[in-house]
Protein chains: 2
Amino acid sequence: MEAGKCVAKWDVFEVSVQGRTEGNPFTDHAVRGVFTGDNETVQTDGFYDGGGVYKVRFMPSYEGTYHYEINGDALPDGESVSGGFEVLPAAEGSHGPVRTAQTYHFSYADGNPYYSVGTTCYAWELQDDERIRQTLDSLAESGFNKIRFCVFPKHYDYNLGEPRSYPYEGTPMDPSVITEDNFWQFTEHPEERNSWDFTRFEPAYFRHIESCIRELARRGIQADLILFHPYDRWGFSKMAPEEDDLYIRYVAARFSAFHNVWWSLANEYDLLEKSDDDWERFASILCEKDPYGHLRSIHNCFAFYDHSRPWVTHCSLQRQDIYKTAEFTNEWRGKYKKPVVIDEMAYEGDIPHFWGNITAEEMVRRFWECAMRGGYPGHGETYEKGDGVLWWSHGGRLRGESWKRVRFLYEIMAQTPGHGLTSDASQDYLGVTAVPEDEKERAKKAYFIYYYSFMQPCRKVFHIDDETDYHVEVIDTWNMTIEEAGVFRGKFTVTLPGRPYMAVRLIGMKSEY
Amino acid sequence: MEAGKCVAKWDVFEVSVQGRTEGNPFTDHAVRGVFTGDNETVQTDGFYDGGGVYKVRFMPSYEGTYHYEINGDALPDGESVSGGFEVLPAAEGSHGPVRTAQTYHFSYADGNPYYSVGTTCYAWELQDDERIRQTLDSLAESGFNKIRFCVFPKHYDYNLGEPRSYPYEGTPMDPSVITEDNFWQFTEHPEERNSWDFTRFEPAYFRHIESCIRELARRGIQADLILFHPYDRWGFSKMAPEEDDLYIRYVAARFSAFHNVWWSLANEYDLLEKSDDDWERFASILCEKDPYGHLRSIHNCFAFYDHSRPWVTHCSLQRQDIYKTAEFTNEWRGKYKKPVVIDEMAYEGDIPHFWGNITAEEMVRRFWECAMRGGYPGHGETYEKGDGVLWWSHGGRLRGESWKRVRFLYEIMAQTPGHGLTSDASQDYLGVTAVPEDEKERAKKAYFIYYYSFMQPCRKVFHIDDETDYHVEVIDTWNMTIEEAGVFRGKFTVTLPGRPYMAVRLIGMKSEY
């Protein structure tokens, strides 16, 4: 019954067993695995995948020979299944799961820094195959390395279609009665119109999501999975606590072995009818049932959740102010002492919604304001113009202009000496000056990025010290050019073009840069 | 010794007398006047104007026959001077001094609303005649109706020239030693390089400023006079307390009778070496010595002064945050319950200084954000390109683009039903919705301006009520166009061009608009 004799490090090793089918296999029977190599022993729950098949998944973190043993009352007559397999070196470009690093940053398990530049497409994986392929192509072209999306389907403006399938056995409401004008009323009392058995999952639904997670992994993209969200006509946001818990255990068992999974407990937790106790319970289930400790967050609509809770690995934030957004990165870093990921800083677009119509220039500006303060920006796009397919929810094709500037910023982020940027707070009233987070790097006074936002100075005067030769670059963050301005020492003036969105990078020549 | 037999209401009636010259006429002798008409009796100090001449000025607030009596020890042998004069109707376009009105707003003495759209040219009146003429022409073309400027000359970047004359008898430092690089050091210990008698004014200096105040009045422009400021190489910012007090009494006696005078105790009070007690004492002198109660304020660099002090008639503010500025108008109105005038919300320009290089678009946006919340915006311009004459300090020619959009905004402000705008705070998270301040006007639900700032919606949906016909206009605040969109009732959609800086005005047709 072994699934395979070898697997690459950080890939999924899966054991399938035929098991008991009487009663409700999702709730009445269990299967567990223990995976043991020279450097780790991992216990993990399996899950029922339909058709009498139970599966247990494992993500090895080390190379070498492993042994496994599967047991549980789902196996016939108390038997257990065991075997061995080899873990080979990680595939080219595979760096393992992302962890927090240096308080405010992220790195892959192999130690490489991970600089998050994400986007949001809430229901992209529930669209048809053609659109899913488009989305994956768009993602690859754009350079985004994280995408937020919901496990459950979404019901909202521009999002009234049916998902490609359903997560539970049962019957959905008839969607033909829904219009753009009346859709809100269907979020109330969904149990009167839908009929689901919340104790019986549809494995095909989750299998499809897994295929999407794998496609993302293949492209080096983190899958920031949103477990709950409020925009719902089917009742998945209003299940009973024990049904919620069952769901969390199920997705933890199915998805944890995928190295690129992040857990977002909720999109806009504060719009859901759940208590802090509920969220804390969900978090504790995840902490217990995900043996790999994938990143965990919870995203707000208005007020932030208490991101100082120990299980919150990083702040996943929606802006709280229409005008000032990414400029708060320092403040939030200081408050929570965790990585700050501004997953929603409004959307580039043209829709009427107050959060959905900033310009591409403003989006790129927010990306830079966030990144230059050592935060991690998130993109989204909501153009009504076009065919009514909005990236923010459906994925598909990107129509805007900000996404084209993301890879350029990413490359500059990735050039940071040490690991991660921070800002020189002593200069805050002047704007933002990015410096390395690493204290030793910072002490060298050899790396500065001055970002000028919507300001348009025609020149800037610098005077860091009198000893260092600074290699000076003028960066146009919108047009994506880096021009050499020369090498300067002491007090010097750098000429700028007198238009917005410029930056100046100083690289000290005494150092290794 | 009568100066004239008649004067227009709110103009200056001046009595000159020949008086004693022994000792120091500025400190050793005094002259006072009492002006009496049917509706008012005003007592006011006179001042020494040089050449043995003392003057007493009066601004009548009513038409009709007045009597005056001048006395004081400055007059020879204890004599007094008296006489009568007629006050005629106010000149065409003369509305009298500006007062606060309806808590957050201003009106002229004749009851007409005054909607302030100001600018700053710190030392315009100390330039040569040709530049002063240019400035006055520029002001008239622009439509600004207030200008902030300093009584004392200014010493700062781009401002190292000599003023046209000096306010005191004495000898200034040799300016030939000053360069752009060393100028800061001359702000320290000015007494070592300058030699002034701070008890002897140069009347010609003040007479010239008066001529500028008159020129402004002729153009309907308020003269927001800054009494102290920190950018100084002559020592005028570091006089002894009794010298400061003498100066304030002198300018109060000279300038109070000009209807368009506002008192700004300081530009950037927090950079001056004066205590709160000093400022409070200055304010009390002004309250006592200005019989007309001209508007009084005190302007910050960083932290605001306590604008809740009773003598502060309105908040004269410099932005405290690089990114968010005019959007704080509501907050400041709420905190101080006084008119909010954001006299410095950064400068349109291209200079390196962090406060001096926003775009014209951003300046105009800040004007609208402020005005739509019932505040009063202030302009400034600092372009290094050109001939080194920066409007912000010298006046001269306007080089930017924001000033061209000021009159358009002013005209919309002036169309407000009742008196003054406020914003509908219940909608703050959506942006800004301007409504009339006047409760009766607001209750009509007949006047709304929705301003979309940097957002670029392609349409907006409105639903105020089901009874009112709304006349809808689409306003392009940058291109200064107002397009009729039609008349709508109930829930309706207004199409927008999908670019920033747009507004929609709804005017209810059941009302008188």
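Predicted model: local features only at pLDDT ≥ 70, side-chain atom pairs only at ≥ 80, totals over all residues.
Local features need pLDDT of at least 70 and side-chain atom pairs count only at pLDDT 80 or more, while totals for chains, interfaces and linings use all residues. Residues are numbered from 1 along each chain as written, chains are lettered from A and ligands numbered from 1 in written order, and side-chain values use heavy atoms, without hydrogens and water.

**Aromatic pairs**

- The whole structure holds 130 aromatic pairs over all chains. Rings of Phe, Tyr and Trp (its six-membered ring) pair if their centres lie within 6.5 Å; planes under 30 degrees apart are stacked, over 60 edge-to-face, and the rest tilted.
- Phe228(A) and Phe282(A) are a stacked pair, because their ring centres are 5.0 Å apart and their planes are at 25 degrees.
- Phe228(A) lies in strand 16 (residues 222–228) of chain A and Phe282(A) in helix 5 (residues 276–289) of chain A, so the pair ties together parts 54 residues apart in sequence. Helices (H or I, at least four residues) and strands (E, at least two) are DSSP runs, numbered from the N terminus.
- Phe228(A) is buried at 1% relative accessibility. Phe282(A) is buried too, at a relative accessible area of 0%. Buried means under 20% relative accessible area, exposed over 50%, and partly exposed in between (1.4 Å probe, protein chains only).
- Tyr68(B) and Phe85(B) make a tilted pair, 6.1 Å centre to centre with 40 degrees between the planes.
- Tyr68(B) sits in strand 7 (residues 64–71) of chain B and Phe85(B) in strand 8 (residues 81–88) of chain B; the pair links distant parts of the chain, 17 residues apart. Both Tyr68(B) and Phe85(B) are buried.

**Charges over rings**

- Lys385(A) lies over the face of Tyr383(A), 4.3 Å from the ring centre. The criterion is NZ of Lys or CZ of Arg within 6 Å of the ring centre and within 35 degrees of the ring normal.
- In chain B, the charged end of Arg333(B) sits over the ring of Tyr104(B), 3.8 Å from its centre.

**Helix packing in chain A**

- Helix 7 (residues 360–372) and helix 9 (residues 406–414) of chain A have axes that come within 11 Å and cross at roughly 10 degrees. Axes are lines fitted to C-alpha atoms, for helices over the stretch in contact, and angles run from 0 to 180 degrees between N-to-C directions.
- The crossing makes helix 7 of chain A roughly parallel to helix 9 of chain A. Angles under 35 degrees count as roughly parallel, over 145 as roughly antiparallel, 65 to 115 as roughly perpendicular, and the rest as oblique.
- From helix 7 of chain A come Phe367(A), Trp368(A), Ala371(A) and Met372(A); they meet Val406(A), Phe408(A), Leu409(A), Ile412(A) and Met413(A) in helix 9 of chain A. Contact means heavy atoms within 4.5 Å.
- This contact of helix 7 with helix 9 of chain A has nine nonpolar, no polar and no charged residues. Ala, Val, Leu, Ile, Met, Phe, Trp, Tyr, Cys and Pro count as nonpolar, Asp, Glu, Lys and Arg as charged, and the others, Gly among them, as polar.

**Positive phi**

- Most residues other than glycine have a negative phi.
- Lys445(A), not a glycine, has a positive phi of about 50 degrees. Lys445(A) is in the loop between helix 10 (439–443) and strand 26 (447–451) of chain A, and is partly exposed at 41% relative accessibility.
- Trp10(B) has a positive phi of about 75 degrees, again without being a glycine. Trp10(B) is in the loop between strand 1 (6–8) and strand 2 (13–18) of chain B, and is buried at 5% relative accessible area.

**Buried residues and their contacts**

- Thr329(B) lies in helix 6 (residues 329–336) of chain B and is buried, at 0% relative accessible area. Beyond neighbours within four places in sequence, Thr329(B) contacts Val340(B), Ile342(B), Cys370(B), Arg373(B), Gly374(B) and Gly375(B).
- Val389(A) is in the loop between strand 23 (381–382) and helix 8 (391–394) of chain A, buried at 10%. Its C-alpha is separated by 9.2 Å from that of Asn159(A), 230 residues apart along the chain.
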